[in-house]
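Let us take a walk through this structure together. Please have the sequence and the 3D view ready, and follow along as each stop comes up.

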Amino acid sequence: MKTAILGGGLSGLTLARLLQEQGEEVVVLEAEQEYGGLCRSKTDQGFTFDIGGSHIIFSRDAEVLAFMRRMIEGNEERNNRTTKIFYKERFVKYPFENGLSDLPQEDRFFCINEFIKTLIAVEKGEISAPANFREWIYHTFGKGIAECYMIPYNEKIWKYPTEKMSLHWVDGRIPRPPVEDIIRSAIGIDTEGYTHQAVFSYPLDGGIMALVCAIARPVERYINTGFRVTSVTKSGETWQISNGDTCVQADRCICTMPVQHLLPCLADVPDKVKKAADALKFNSLICVNIGINGSVPGISWLYVPDPAMGRTNRISFPSGYSRHAAPEGCSAILAEITHQPGDDVAGLTDDELKNEVVDMLRSMQILHKDQIVFTSVERQPFAYVVYDLDYQTNIAIIKEYCMKIDIPLVGRFAQFEYLNMDGCIRSVMDFIAAEKLP
Ligand SMILES: Cc1cc2nc3c(=O)[nH]c(=O)nc-3n(C[C@H](O)[C@H](O)[C@H](O)COP(=O)(O)OP(=O)(O)OC[C@H]3O[C@@H](n4cnc5c(N)ncnc54)[C@H](O)[C@@H]3O)c2cc1C
């Protein structure tokens, strides 16, 4: 059995490795010159940055976490999360509900009072069940936490109105601490939220790409980079996958690249399926990377909900994840800006983006301009799946079609689900386990 895997990101590479371990022949077809997808990293002038946004290794899934940690054994840094939210000139502990005592007094009262009022109203059945993400936020946290943090941050990252987002995905993805913790945190007793991420791993050398390189190592010779799949056809029992020049033949074909890239490669896709794919929402990402002489705050990463602070939604400090991510005496700062494909932000030049980020970091007193020794900008067309209200209908149409034509979809933009690295690896493991069933 020879399997062609379309896309050489984390999902495609994990799939190749695990299939090969059970004796299958594989070939990975990756459009870019380098494999790794969103999990690529670049080292330049001693600074290492993840180019698909700042990544950390964590999971609730013990088997997957053990797999990832085994892959980077001997190259692993363990870190305690110290994450903050930049709110009204101060650094508030993350998750916001666990950091209420860091708020100005009036805001603290607003948040806890509205939280309790909402809790009582929900208990009494005075508030109906939420129908969209915005309503879920108000329903779960009350008006205070919703308006001080949850709504502005979520609208900034998704670039999509929260009332037009579905809520099927929030459980487990959005920290939802126990009531006691919220009250404790409001009166100043220390609490920890989202605890499965409170300690995380990161490769000492090579950035997050060290993880995919380690996974890819046994199958490296079967990875064809610079192979942008443009057509996928089946004649008889044989798949033919082409980039316009070269044709690869295989007994089966598994897609880990975005479904939006797969469908145009296929002949006779029904209009209904094309329309469903066109209607799927996602956003893109720009990373502004800055290397400075000197130190940065001891924060793992910092959320920036306030639109007045600029377009950046999150700032991370990779030199805090690994002491090798910056030269001795220097620090690394990575600012993430999400945007909609093709919008005004996409048209901004690298210099415009860098200037905006540097001005923001100066206003937060994180750096002085004369400390900067390195800058770069990276852009990713596919960053986050955005779950709009029609998502479930549209994705069901696409998945049904791909199942019918016998192309399994595995991975973040193939399944078109908000999967982190652990979710991608879990999908691969489940896919392989399902195949073994009689
Ligand atoms: C800002 C940000 C931060 C994140 N942080 C974390 C984190 O801290 N921890 C975590 O666990 N996860 C994190 N993630 C999620 C993680 O990046 C993804 O889950 C994972 O990288 C997805 O891997 P994939 O292989 O499914 O998709 P991708 O990485 O998107 O790979 C798809 C591959 O298909 C290729 N391709 C596309 N079109 C074609 C074509 N026509 N022919 C051939 N190849 C093609 C692409 O070049 C790409 O290499 C983060 C994601 C983002 C955006």
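We begin at the ligand, where a backbone N or O atom of alanine 31 lies 3.1 Å from a nitrogen atom of the ligand. On its own the ligand has 1,000 Å² of accessible area, and the protein covers 94% of that. Accessible areas here come from the Shrake-Rupley method with a 1.4 Å probe, and for residues only the protein chains shown count as cover.

Before going further, a word on the model: it is predicted, so local features need pLDDT of at least 70 and side-chain atom pairs count only at pLDDT 80 or more, while totals for chains, interfaces and linings use all residues. Residues are numbered from 1 along each chain as its sequence is written, and side-chain values use heavy atoms, with hydrogens and water left out.

Back to the ligand. Two side chains also make polar contacts with it, a polar contact being a pair of N or O atoms within 3.5 Å (within protein, one must be able to donate a hydrogen and the other to accept it, and residues adjacent in sequence count only if both atoms are side-chain atoms). In serine 11, a side-chain N or O atom is 2.7 Å from an oxygen atom of the ligand. In glutamate 30, the corresponding distance to a ligand oxygen is 2.6 Å.

How many residues surround the ligand? There are 36, and the closest are Ser11, Glu30, His55, His261 and Leu419; a residue is near a molecule or strand if one of its heavy atoms lies within 4 Å of it. This shell divides into 17 nonpolar, 13 polar and six charged residues. In that division, Ala, Val, Leu, Ile, Met, Phe, Trp, Tyr, Cys and Pro count as nonpolar, Asp, Glu, Lys and Arg as charged, and the others, Gly among them, as polar. Helix 1 (10-21), strand 18 (372-386) and helix 13 (421-436) each supply at least two residues of the shell. Helices (H or I, at least four residues) and strands (E, at least two) are DSSP runs, numbered from the N terminus.

Helix 13 also holds glutamate 435. With 34% relative accessibility, glutamate 435 counts as partly exposed; buried means under 20% relative accessible area, exposed over 50%, and partly exposed in between (1.4 Å probe, protein chains only). The C-alpha atoms of glutamate 435 and leucine 29 are separated by 22 Å, and the two residues are 406 residues apart along the chain.

Next, look at the salt bridges, each a side-chain nitrogen of Lys or Arg within 4 Å of a carboxyl oxygen of Asp or Glu. By this rule the count comes to 27. Glutamate 76 and arginine 69 form one of them, with their closest N and O atoms 2.6 Å apart. Glutamate 76 is partly exposed at 25% relative accessibility, and arginine 69 is partly exposed at 29%.

Another salt bridge joins lysine 234 and aspartate 406, with 3.9 Å between the closest N and O atoms. This pair links distant parts of the chain, 172 residues apart: lysine 234 is in strand 10 (residues 231-235), and aspartate 406 is in the loop between helix 11 (391-404) and helix 12 (412-416).

Lysine 399 and glutamate 417 also meet through their side chains in a salt bridge (2.7 Å, N to O). Because lysine 399 lies in helix 11 and glutamate 417 in the loop between helix 12 and helix 13, the pair ties together parts that are 18 residues apart in sequence. Asp61, Glu63, Arg426 and Asp430 are linked in a network of salt bridges.

Now for the surface, where Ile116, Leu119, Ile120 and Ile183 make a nonpolar patch of about 280 Å². Patches are made of residues with over 30% relative accessible area and no salt bridge, with like charges joined within 9 Å and nonpolar side chains (Val, Leu, Ile, Met, Phe, Trp, Tyr) within 5 Å. Helix 3 (residues 105-123) gives the most to this patch, with three residues. Isoleucine 116 sits in helix 3 and is partly exposed, at 33% relative accessibility.

Finally, the backbone has some details to visit. Tyrosine 94 and proline 95 are joined by a cis peptide bond, with omega about -10°, and proline 95 is in the loop between strand 7 (90-93) and helix 3. Glutamine 365 is not a glycine, yet its phi is positive, at about 60°. Glutamine 365 belongs to the loop between helix 10 (350-363) and strand 18, and counts as exposed at 70% relative accessibility.
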